[in-house]
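Try each one before reading its solution.

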Amino acid sequence: MNITAFNPLDPTILADPYPTYRWLQLHDPVHWGAPGDPNTDGCWYITRYADVVAALKEPRLGRELWRLLPEREPPTLSAVQKPIVAMSKQWMVLRDPPAHTRLRSLVQRVFTPRMIEQLTPRMEEIVQRILTNVAEQGHMELLADFALPLPVTIIAEMLGIPAEDQALFMPWSRALAAVIEFEQNEAVMAQGSRAVLELAAYLHEIIAERQRRPQDDLISALITLEDAGKRPSEEELIGTITQLLFGGNEPVVHLIGNGLLALLRHPQQLENLRTQPFLLDTAIDELMRYDSSVQMTFRYALEELTFGGKTLHQGDQIAIVMGAANRDPAQFAEPDQLDLARSPNRHMSLGVGIHYCIGGALAKAEAKAAFTGLLQQLPDLALVNPEQTWRKAVAVRGVEQLPVTWTLQA
Ligand code: HEM
């Protein structure tokens with residue numbers, strides 16, 4: 001193997017990126033590869049565990065390049081780009097301090113571990129309802145029929161979106177997830193842009209309604225928060241709610257999808273999990289490590305710096321490849337083995353540093369409810385297709401579809 005320009009969208013890499021990550025770790029750990037930003041001619045890919053941690057904690061690698069180099073923004077944003085760019089500037093994950101600090105502290109005050117703990121029975125109820133509905137048919141497409149409705153319903157209920165409106169959110173969720181990917185075309189952008197406008201109009205109404213009649217939900221809590229005597233603006237509220245509503249859905253869907261795929265490909269481990277359900281907590285972390293639904297995240301060099309012996313110039317794009325760090329032999333013994341009892345397991349799938357995933361505990365609780373339900377209710381789950389088609393996507397790794405079958409009980 002000799003990698004001259006790593007391209008995460010290469011079909012061989014999409015099918016199995018791990019041998020290539022290993023080569024990069026050994027031979028070119030800070031590698032200049034295919035661009036993620038159409039305005040540049042390349043992107044740095046950071047693959048070693050220690051470098052990934054250092055990069056995620058490095059304040060000179062940030063998001064707000066548009067503040068330092070406004071000329072890098074397309075001079076005239078097209079009509080379809082405008083709403084997406086405007087809304088994404090309110091997403092904490094795309095901001096640097098001090099804006100990031102303010103937006104994150106708003107959410108942290110209402111999105112608490114206790115709140116998530118209280119939701120566990122509701123997650124189990126949703127899993128049971130979905131599985132009861134499909135049990136008689138003997139087959140389903142795991143992602144759309146099972147894995148997506150769970151996180152979408154939970155986050156919508158937490159925020160206080162009325163049940164009768166929740167069906168609107170699945171297509172919006174998918175349209176927005178497509179927009180944040182590496183390679184977009186006009187049709188994807190137009191669909192995303194429509195979703196943003198519809199969603200903003202919808203949330204405007206809900207916020208006004210909660211201002212008139214506060215309820216016991218996250219939107220009401222966010223509206224009344226004050227930071228140094230200042231309440232969040234409507235733009236900030238809509239951006240933050242949108243990120244919560246949509247940021248976590250696709251990663252959870254593909255945690256369940258990639259996780260089940262890994263288990264079905266390792267029947268002995270699956271059997272261990274069935275017979276020793278106490279393994280579930282370490283198992284969820286191991287499934288997150290083994291084939292993370294979030295493989296990489298991006299930054300820009302906000303100033304010139306030396307990193308891993310390479311000179312990164314201001315404005316260079318950086319891909320921090322957590323999926324590679326998760327398989328680094330310098331950090332994990334036998335990194336390519338799936339070991340559901342692995343402990344400690346300091347995987348990088350939820351990031352580290354100031355942007356560490358705010359929904360990590362929620363995602364793990366959802367995955368736990370999902371796998372418990374699947375293992376108990378559908379004990380002989382099997383894949384319909386031995387080979388899978390992987391999504392042509394960089395940020396969120398997962399298969400296009402995961403049809404599964406099981407034997408009907410007499
Ligand atoms: C398996 C599921 C999930 C994975 C693998 C995941 C992964 C990540 C990662 C890697 C980051 C850091 C990104 C960076 O440093 O650039 C992040 C941030 C974030 N995640 Fe998650 N996530 C998951 C689920 C969720 C859920 C369920 C929610 C909320 C409902 C959520 C909300 C967020 C938010 C708001 C941020 C931004 C935090 C900040 O910028 O300070 N995530 N996530």
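Helices here are DSSP runs of H or I with at least four residues, numbered from the N terminus. Keep in mind that this is a predicted model.

**Exercise 1.** Work out which helices each supply at least two residues of the shell around the ligand, and sort that shell by class.

*Solution.* Start with the count: 25 residues surround the ligand. The closest are Gly248, Pro251, Gly351, Cys357 and Gly359. Next, the helices: helix 9, helix 13 (234–247), helix 14 and helix 18 each bring at least two shell residues. Finally, the classes come out as 15 nonpolar, 9 polar and 1 charged.

**Exercise 2.** Which elements do the buried residues of helix 18 pack against?

*Solution.* First pick out the buried residues of helix 18, among them Leu362, Glu366, Phe371 and Leu374. Then follow their contacts: they pack against helix 7 (113–135), helix 8 (142–147), helix 9 (149–159), helix 14 (249–264) and helix 16 (280–290).

**Exercise 3.** In what order do the 3 strands of the open sheet lie?

*Solution.* The order is 4-10-9, with antiparallel pairing. Strand 4 (139–141) and strand 9 (382–383) are the edges, each pairing on one side only. Now zoom in on strand 4 and strand 10 (residues 403–405): 3 bridges join them, and Glu141 sits opposite Pro403 in strand 10.

Definitions and conventions:
Residues are numbered from 1 along each chain as its sequence is written. This is a predicted model: local features need pLDDT of at least 70, side-chain atom pairs count only at pLDDT 80 or more; totals for chains, interfaces and linings use all residues. A residue is buried if 20 or more other C-beta atoms lie within 10 Å of its own, exposed if 12 or fewer, and partly exposed in between; C-beta atoms are placed from the backbone. Two residues are in contact if their C-beta atoms, placed from the backbone, lie within 7 Å. A residue is near a molecule or strand if its C-beta atom, placed from the backbone, lies within 6 Å of it. Ala, Val, Leu, Ile, Met, Phe, Trp, Tyr, Cys and Pro count as nonpolar, Asp, Glu, Lys and Arg as charged, and the others, Gly among them, as polar. Two strands pair if DSSP finds at least two bridges between them.
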